[in-house]
Every structure is written in structure tokens, then in C-alpha cells.
Amino acid sequence: MCGIVGYVGKKPVLDILLDGLEQLEYRGYDSSGVAIKCPDAIKVYKAEGKLSNLREELAPHAYELAKSTMGIGHIRWATHGAPTVINAHPHTCNCGNLVIVHNGIIENYKELKEELEAKGCVFKSQTDTETIAHLIANIYGEVKDLTKAVQLATKRIQGAYALCIMHNDEKDKLVVTKRNAPLVIGVGEHEFYVASDVPAIIKHTKRAIYLTDNQVAVLTPETMVLQDENGKELTPKVEILPWEPVALSKMGYKHFMLKEIHEQPDVIRNILVGKLHTSNSPIILDEVKVNKETLKNLNRIQVIACGTSLHAAMIGKYIIEDFCGIPVDVEASSEYIYRKTVTDEHTLVIGVSQSGETADTLTAIKQSKARGSHILIITNRPDSAMAREADSLIPVSAGIEVSVAATKSYIAQLTSFYLLALYMAEIKSSMPADKLTELKSGLLTLPQKIEQILAHKENIQKCARKYSSTRDFIYIARGINYPTALEGALKLKEISYINATGYPAGELKHGPIAMLDETMPVLSILMKGSVYEKLLSNSEEAKARNARMIALTNSDDEKLDDLFDYIIRVPEIEELLSPIIAMIPLQLMAYYIAEFLGKDVDQPRNLAKSVTVE
Ligand code: AGP
């Protein structure tokens, strides 16, 4: 969701900015722009749509820009104002001397805008960001110092921002600051890089500085000065990034999503290494810093997350309650933060997030932390803002996920929840030893079983083609796989724009059944176990309304052949572990439908990978 880049140093800046923006494309965007410091003045170039449009816009200017060594760039995900060239960043003040790029939302921009218009500022765009450009420029007019102007201006701003700013009169100087939005500074030799995320800088340097909220960094090719919001000088902490630059390649797959689906067996293997050796050895989870006595007596857990991570959390609830007998509440972060929640120092609060930057989850985590709860974060980004809030951090180590639709990070979150639930069950002795052994042994077989599904993906591809012309899709399941139905539907919606909905199958007859007729595909997630027969009856009810029935099953029951028009079979698995196995065909189904429809699979419309605004 919006991405910013910046560079000041000795190298030609244009390629660095464009390449950096390309590495941030996965975040989702609808327009882009750069501002380049040229010998006479800063020049701004913008375009609607994909980065290739910006490249085209820049092509005729390549020669004149070739020698420039400082600039800022932006990909915009529209919040205030349509995705047009005028609204694209960078934004400038009246005279064009000051140029900024911004990630975040300014909540009090209307009041500020009125005030600035009264002072003669002329707004060209509908964005909240332009307010910041005018505000800083106005203050600069009085104080004649960019750093000071930024510090004074940000005190007046309410909301979230990461900002990168240049001024014609401040030679070779980039000023950056942030509050509740991600920003990383890469430290090179006689140069600095600025970005919303590591992929934009990792090929240049592994040395990085993460700004904390309200800090202001002033960068020139040779120096970095770090200050707090009042101008007090601070010592920057340089970290070494645990990243490899090769991570962002499709490795021969048509899309990142397909590649990431295929990585899932290895993702699970990597997570289990060092934590689960054999079905008879105890789970090792040193990342959990809650002492064992407290864990034993824990009487409440809250899990907060959004989107796909919320679905992983729902399965987490199911297994923690089943394995450990501890009540677990799961809530969408955006709901959690705006009500009076009962959380205290006796509650374990688990935040789940692929990116570790989701604004709603981050706010919810901070609220719970302030009330004294122990914060356990399950994230794919150990370098994220959420990770920095964690008392216990379980990194899911799925590797960077580029496709906006989460796949391998979801499977990694589930695997981490299984380890956590089994770990707590061992400490609490809440599960019979033979059941523990059976589940651990089942976990160890998952990678191989997923490989079997991937080896027969043509059947899923065929199914996807058969149903790709539908406008609606219903997924039904019961028990532990109800969240799988939600996640299957979410995947399809996200990348194919088909109206897909997941229901607990028992709820069908309380309303949704009215939707069923011969045009409606209904996919039953029919895993053997406690609710198999019940779900079969619910599927019969749907069939009786002429729905087009699809089964995703690990049963070879012959009666399924009469009931279902299409059957996708997956390997046998213990019911409690089946959400991982069941999800793989649903990811593939969504992928193949979207691919068949010619959709932009990795960067679906309107979506952002990292949702850094509330
Ligand atoms: C997943 O496919 C989605 N793109 C989205 O629902 C995502 O899961 C959600 O925005 C939460 O993101 P997070 O896991 O990074 O917090």
C-alpha cells in the first residue's frame, strides 16, 4: 500500500528509484512518480497505472536525468482522490521548490488545507498528501531550515506518515521521517537509500537503520544526522538485514503466486526444523517467552489479525481450544480497536500478520500492550513494526511473499499455530500422549502430502476451467475447516473478482440456500472426521436445489460420485491437520480460474500487500 523510495549518493539515481519502485510493486498501487534533483531545479514525472507507463514518460528525458544523483519516488494506492496523474506523488508546494512523497493518511488534512488556502496555497490535487507539502513549505518560509520545518510541520499532523522530502534550496539533502508507517534507511558507501520495505534496498546494501516514530533523519552522500521531533541529536542503530537479494525471482513460474504455492512443502519443512525432530520428541519453541508456570495457568487468549491472517487465527483458536482447553477469542483487528476490550496482564494476546505492518493489527497490539498483556507475534517479517512490539516473536520464515494474495505465509502461520498449540498442550499435559504423537507424526508428513497434491494439479486446473465462467461461488465446510471455506472464498474473490462466499454448512438452510440454483457452484470441503456425515447431508440439501456440486475430499466413498459433479481428491490426513491439506487445492483453484480469465494474478486491482492505513 503506497511505497516510497529515495536515494542520495554518487550513482545515477533514476535507475535506482525505478528499480526500487519495481521491488515495491507487490504492495499494490495504481499510479507512480519520481522527483529528480537536476542542476537547475527538481523535476517531477508521474504516470497513471503501471510502472511501465512511468518508464515511458521518462524515456525522452533519460539523457538530461542521467547525471542526477538524488531523488525520491513513489507508487500510490489511492485513498484520497482518484488514481490520476494529478493525484500521483511526488507533490509540490506552490512554487515547486519543495517536493515530497508520502505513505499513510493525514486525518486532519481538511482543517490544515483550509488554513493553508487562506494563506494563499493553491491545491492542485485531491490528496491529503499535498497538504503536507504546503504546510512544510509555509513553515520553511519562516524558519529557512528544512529539518526544522519538517519537525514543526509533523507536530501539526494527525495520522500516519512516512515522508521523504527534498527542497531546491537545500543542496544534496534528503529529509525523512515517519509515524505509524514503515520506513527503512539503507546505508551504503557515500550514499543512503530510503524505502518503505527492504526489497527496494537489499540489492544495494544489507546495512539498515529503522527509524522509530517521530524521528527525523537528514541524509547527504556523506552524512546522516538523526534527531527526535524536538531536534535532539540521536545515535542511529545500524542493523544487518537477514535478507538475500535473490528472493524476488519467479524462478520460471508464470506468476509469483504459483511459485509461492509450490514453495509450501519446503516452507513447512523449514519451520519444523529444530522445533519438531520426531513424533516422539517434545516441541522446542524457545521463541515463547511466557514462563511455563504462567502458560499452564493461562485462562484466556486473544488473537487479533486481518484477512487471511484472521482465517489462520480462527484455525489457531480451534486447535488451541481442542489441544489445550484454553478459551480463545479471535477478532478482526479493525473491530477490536474501536470497542472496550477486556484485556489485561493475565491475557496472552497473539497478533498474526504476514507483513507485520498492518495498521489495524499494529494499533490493536499497542493497545493490548499498554494494558499489560504479553504480546506474542506470529509474522513472516521479523524486521517489522509488529515484531518490534513483541514480547515473544514466532517468525514463520516463509521467505518474502510477493503475490498480493497470501498463500505460503498462510500455511506457515497455520504450521506455527500447530507448533504453539502442541507446545502448550505438552506443558499443560492436556492431551493424551498417543494423540500428541499422532499429530506430530502427521505434521511431519504434511510436506510430502502437499507435494502429492501439486503433482496432480491438472485435475484442479480442469475443474477451474469448468467453473471459470461463474459469477458467484459458494464454499461450505464445518468445524475446523469452516475458516478454510472462508479463506478459499477470499482467495478466489481477491484474484478473479468472482463473488465467492464461505459458509459454515449448517448455516446454509438459514438463508444462503435461497441463492442456490443450477447456475451456482457449491464446493464442499469434505474431510473425513467428526463432521463428515453432517456435511454430506448439507451437500445433499444443496444438490436438491440443483447447485453445481464440487467436492474437495480425502474420502474414496463411492456415494460421492452420485452427489458431486466434480471431485478433487487429496491424501488422507488426521482431521485436525486437514486445514493445511485442504487449502492447497483451493489456492490452485483460485489461481487457475484467475489465470484462465486473464486477470493480473500477482497484483489484483484495488488490493495492497501491506495495508498500512486503518
Ligand atoms: C491475503 O490474501 C490478503 N491480501 C489480505 O487479506 C491480508 O491477509 C491482510 O491484509 C492482512 O495482512 P497481514 O497478514 O500482512 O497483516
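Which residues does T220 touch, not counting residues up to four places away in sequence? In this predicted model, T220 touches V8, D172 and F192 when those sequence neighbours are set aside. The chain is assigned to domain 1 (3-247), domain 2 (249-444) and domain 3 (458-596), and it surrounds a ligand with 14 residues. The points below take up the domains, the ligand site, several loop residues and a few backbone features.

**Domains**

- The domain assignment divides the chain into domain 1, covering 3-247, domain 2, covering 249-444, and domain 3, covering 458-596.
- Taken over C-alpha atoms, the centres of domain 1 and domain 3 are separated by 46 Å.

**The ligand and its shell**

- Of the 14 residues that surround the ligand, the closest are S309, S353, Q354, S355 and T358.
- By class, this shell is made up of seven polar, five nonpolar and two charged residues.
- An oxygen atom of the ligand is 2.4 Å from an N or O atom in the side chain of T358, and an oxygen atom of the ligand is 3.1 Å from an N or O atom in the side chain of K491.
- Two elements, helix 10 (307-324) and helix 17 (482-496), each give two or more residues to the shell around the ligand, and the largest share, three residues, comes from helix 10.

- T220 is placed in the loop between strand 12 (216-219) and strand 13 (224-227), and it counts as buried because its relative accessibility, 19%, is under the 20% cut-off.
- Within that part of the chain, the side chains of T220 and T223 are joined by a polar contact of 2.5 Å.
- H80 is found in the loop between strand 4 (70-76) and strand 5 (91-92), and with a relative accessible area of 16% H80 is likewise under 20% and therefore buried.
- The side chain of H80 makes a polar contact of 2.9 Å with the side chain of T79.
- Leaving aside neighbours within four places in sequence, H80 is in contact with I105, Y109, Q126, T127 and D128.

- Q158 lies in the loop between helix 6 (146-156) and strand 7 (159-167), and its relative accessible area of 45% makes it partly exposed.
- Although Q158 and E107 are 51 residues apart along the chain, their C-alpha atoms are separated by 5.5 Å.
- E107 is also one of the residues that Q158 touches once residues up to four places away in sequence are not counted, the others being I105, I106, N108 and R179.
- R339 lies in the loop between helix 11 (333-336) and strand 18 (348-353), where at 41% relative accessibility it counts as partly exposed.
- The side chain of R339 makes a polar contact of 2.5 Å with the side chain of E331.

**Backbone features**

- Most residues other than glycine have a negative phi, and most peptide bonds are trans.
- The peptide bond from H89 to P90 is cis, with omega near 0°, and P90 is placed in the loop between strand 4 and strand 5, which is also where H80 is found.
- H190, which is not a glycine, has a positive phi of about 55°; H190 is in the loop between strand 9 (184-187) and strand 10 (192-195) and counts as partly exposed at 44% relative accessibility.
- N606, also not a glycine, has a positive phi of about 70°; N606 is in the segment after helix 20 (578-596).
- Is N606 buried or exposed? At 61% relative accessibility N606 counts as exposed, because that value is over the 50% cut-off.

Note on methods:
Residues numbered from 1 in each chain as written. Predicted model: local features only at pLDDT ≥ 70, side-chain atom pairs only at ≥ 80, totals over all residues. Heavy atoms only, no water. Helix = DSSP H or I, 4+ residues; strand = E, 2+ residues; numbered from the N terminus. Buried < 20%, exposed > 50% of the residue type's maximum accessible area, 1.4 Å probe, protein only. Polar contact = N/O pair within 3.5 Å; in protein donor to acceptor, adjacent residues only side chain to side chain. Contact = heavy atoms within 4.5 Å. Near = heavy atom within 4 Å. Nonpolar A, V, L, I, M, F, W, Y, C, P; charged D, E, K, R; others polar. Domains from an automatic or database assignment.
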